[in-house]
Amino acid sequence: MSNPVEQQNSIARPVGIRGIGLHTGDDCRLTFLPAEADAGYLFRRVDLPGKPEIRPLAENVTDTSRGTTIAADGAEVHTVEHILSALSGLGIDNAVIELDNHEPPVVDGSSRPFVGVLREAGRVTQDAPRRYLVPEEPLVYSSGTAQMMLIPAPGPLRLSFALHFDHPVLRSQYREFVLDEQRYTEEIAPARTFCFLHEVSLLRKAGLIKGGSLDCAVVIGDEEVLNDNLRYADEFVRHKLLDLIGDLTLIGAPLRAQVVSLKGGHTANVGLALALRRRLGLAA
Ligand SMILES: [Zn+2]
């Protein structure tokens, strides 16, 4: 039996969310808008003259040091990964993301708030089949101590992630995930971003995490996690999967493959996405 053809979909109506950015601390209103079939994702800075648009593709990434920043047409948007992760996790193919500032609201540091508003928006099925990208050969990418492997595999996107830190509170975690809307919503979307206490003052000195607090990130102290509760015992590796799902959308099409990440982060995720786009002749 062959699978029925999957149709593309978009949201049924615009929905918005407001809050401060994790790194800049600036207030931002973000609005998800419906988009045509085959439009993909598109960011639009409505606060700038001419409302410049930025396509979230790997070749438009300009920084991966703490989050994924994209830029085009003289405009940039920081920390796009949680937004893109929510869209991809819910299987939404086409959407415009409007912002009136340069960094989306961090909200609670996870993608659950975005999943919430996107579900409120409802869904429209579009008159076009979903066009998967199905790699035929493996691809290996490494950056520093991070190693990424993309392996041809049938069916939905399969992810495996291993993280390791030389830290008494967070040592090693491993988790596998097969992309599915319900499972994304329950197992991945609530996982919050995290950082180590010893990094906080360094990040502040670098002008980052101006919007950071225990309300929007898990902070790992030298002997314990400083937040009252974790949402999952392995919340850290689940958040790494959340980021990976978001960054893999920078390939520009939904992927049918297996991706294995050993100690990956934004730099490695984006590097793999760009390497794949180059191999397919989609990027210079
Ligand atoms: Zn993240």
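Because the model is predicted, local features are taken at pLDDT of at least 70 and side-chain atom pairs at pLDDT 80 or more, while totals for chains, interfaces and linings use all residues. Residue numbers start from 1 along each chain as its sequence is written.

The protein chain is divided into domain 1 (7-129) and domain 2 (139-279), with bounds that come from an automatic or database domain assignment. Between the C-alpha centres of domain 1 and domain 2 there are 19 Å. The contact between them involves 34 residues from domain 1 and 32 residues from domain 2, where two residues are in contact if their C-beta atoms, placed from the backbone, lie within 7 Å. On the side of domain 1 that touches domain 2, α1 (81-89) and α2 (112-120) each supply at least two residues. Helices here are DSSP runs of H or I with at least four residues, strands are runs of E with at least two, and both are numbered from the N terminus. Helix α1 gives the largest share of that side, seven residues. By residue class, the side of domain 1 that touches domain 2 holds 13 nonpolar, 16 polar and five charged residues. In this count Ala, Val, Leu, Ile, Met, Phe, Trp, Tyr, Cys and Pro are nonpolar, Asp, Glu, Lys and Arg are charged, and the others, Gly among them, are polar.

The strands come next. An open sheet of five strands runs in the order β2-β3-β9-β4-β5, with mixed pairing; two strands pair if DSSP finds at least two bridges between them. Strands β2 and β5 (53-54) are at the edges with a single partner strand each, so one side of each has no neighbour in the sheet. Within the sheet, β4 (residues 41-45) and β9 (residues 95-99) pair in the parallel sense over five bridges, and R45 has L99 in β9 as its bridge partner.

Two bridges join β6 (residues 61-63) to β7 (residues 69-72), and V61 has I70 in β7 as its bridge partner. These two strands, β6 and β7, form a hairpin with five residues between them. Three bridges then join β7 to β8 (residues 75-77), again antiparallel, and I70 has V77 as its bridge partner in β8. The hairpin of β7 and β8 has two residues between the strands, and D73 takes a positive phi near 60° there.

Strand β3 (residues 27-34) contains D27. D27 counts as partly exposed because it has 14 C-beta neighbours inside 10 Å; a residue is buried with 20 or more other C-beta atoms within 10 Å of its own, exposed with 12 or fewer, and partly exposed in between, the C-beta atoms being placed from the backbone. Leaving aside neighbours within four places in sequence, D27 is in contact with I20 and N101.

Helix α2 has F114, V115 and L118 as its buried residues. Seen down the axis of α2, these residues fall within an arc of 100°, so they line one face of the helix; the arc is that of the directions from the helix axis to the C-beta atoms. Their cover includes β1 (7-11), β2 (15-20), β3, α1 and α3 (181-188). Just after α2, G122 takes a positive phi of about 75°.

A nonpolar core is a set of buried Ala, Val, Leu, Ile, Met, Phe, Trp, Tyr and Cys residues joined through C-beta atoms within 7 Å. The largest one has 60 residues, of which A95, I97, L118, L241 and A273 touch the most other members. Helix α5 (residues 235-248) provides the largest share of this core, seven residues. Both domain 1 (7-129) and domain 2 (139-279) contribute at least three residues to this core. Not counting residues up to four places away in sequence, A95 touches S10, I11, F32, L33, A35, Y41 and L87. A second, separate core has 10 residues, including I20, I209, A217 and V218.

In domain 2, helix α6 (residues 266-279) contains N269. N269 is buried because 29 other C-beta atoms lie within 10 Å. Leaving aside neighbours within four places in sequence, N269 is in contact with D243, L244, D247, L248 and G264.
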